[in-house]
Structures are given as structure tokens and as C-alpha cells.
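Take a look at the chain shown here. This report walks through its disulfide, its strands and its core.

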Amino acid sequence: QVQLVESGGGLVQAGGSLRLSCAASGSIFRINAMGWYRQAPGNQRELVARMSSGSSTNYADSVKGRFTILRDNGKNTVSLEMNSLKPEDTAVYYCNAAVVTSTSTTLNAWGQGTQVTVSS
């Protein structure tokens, strides 16, 4: 059993900043990739940013230069620093982790989601 608990999010004006955090817990042997996805109403869930266990990153083109993903492998946490927010960044943001459990099962774990709303 693996749980991802997110915090942060909320309402911010365009141009503002927010920080999302996610902590993984449970029967974790190793976490491979860890990152953030988002889903706006009527849209599919899309990748925002992702970091491998080796610290390589990839970002959606729409957030490059504005968002930064940070990861602490020792604490099984990942954060997303979001700057210069735009109304089109409004979505539910989900933490995601590719987990190898203590029983060698691989899981694609998701958090419950946290709402980010950017007003114009």
C-alpha cells in the first residue's frame, strides 16, 4: 500500500506564485520517477513536470521557465514551484510516483489532487 499526500494549491492572481508539495508513504522500496500532472475541466490529464530518480527532468512546454520541480529522494517528497502563473494553469494538480514496493510490486501511484485556480 502506497499513499501520496499533496498539499498547497489554492487561489492566486495571474502573475503570482504557488508551491505544491507531495509526500509518499507506505511500503516503498524505491521510487523511480516522481512528478506532477494536471487536469482542467473538459481536458485530459497532462504531464506538467517529472523527475527521475537520477534527477533528469522533463517539463511541459507550456510551463518551461515558470515551473520548477524539486525532489528529495531521502524523504520521498516532490514539490512544484509555480511562478508567473496564468489563468490557463487553472486545473486540478495530481502527484504521481512510479513505485517499487517492498514486495517488488511496481505501482503507478496517484495523489488525490489539489485545485489550483489562477484569476485574471
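Which residue does a disulfide join to C22? The partner is C95, with an S to S distance of 2.1 Å.

## About the model

This is a predicted model, where local features need pLDDT of at least 70, side-chain atom pairs count only at pLDDT 80 or more, and totals for chains, interfaces and linings use all residues. Residues are numbered from 1 along each chain as its sequence is written, and side-chain values use heavy atoms, with hydrogens and water left out.

## The disulfide

A disulfide is a pair of cysteine sulfur atoms within 2.5 Å. By this rule the count is 1. The link of C22 and C95 is left-handed, with -80° about the S-S bond. It ties distant parts of the chain: C22 sits in strand 3 (residues 18-26) and C95 in strand 9 (residues 91-101), 73 residues apart. Strands here are DSSP runs (E, at least two residues), numbered from the N terminus.

Both cysteines, C22 and C95, are buried. Buried means under 20% relative accessible area, with a 1.4 Å probe and protein chains only.

Strands of a sheet pair through backbone hydrogen bonds, either parallel or antiparallel. Two strands count as paired if DSSP finds at least two bridges between them.

Strand 7 and strand 8 (residues 77-82) are joined by 6 bridges. F67 stands opposite M82 in strand 8.

Strand 4 and strand 5 pair antiparallel over 5 bridges. M34 has M51 in strand 5 as its bridge partner.

## The nonpolar core

A nonpolar core is a set of buried Ala, Val, Leu, Ile, Met, Phe, Trp, Tyr and Cys residues joined through side-chain atoms within 4.5 Å. The largest one holds 30 residues. W36, V48, F67, L80, M82 and Y93 touch the most other members. Strand 9 gives the largest share, 5 residues.

Terms used
Helices (H or I, at least four residues) and strands (E, at least two) are DSSP runs, numbered from the N terminus. Buried means under 20% relative accessible area, exposed over 50%, partly exposed in between (1.4 Å probe, protein chains only).
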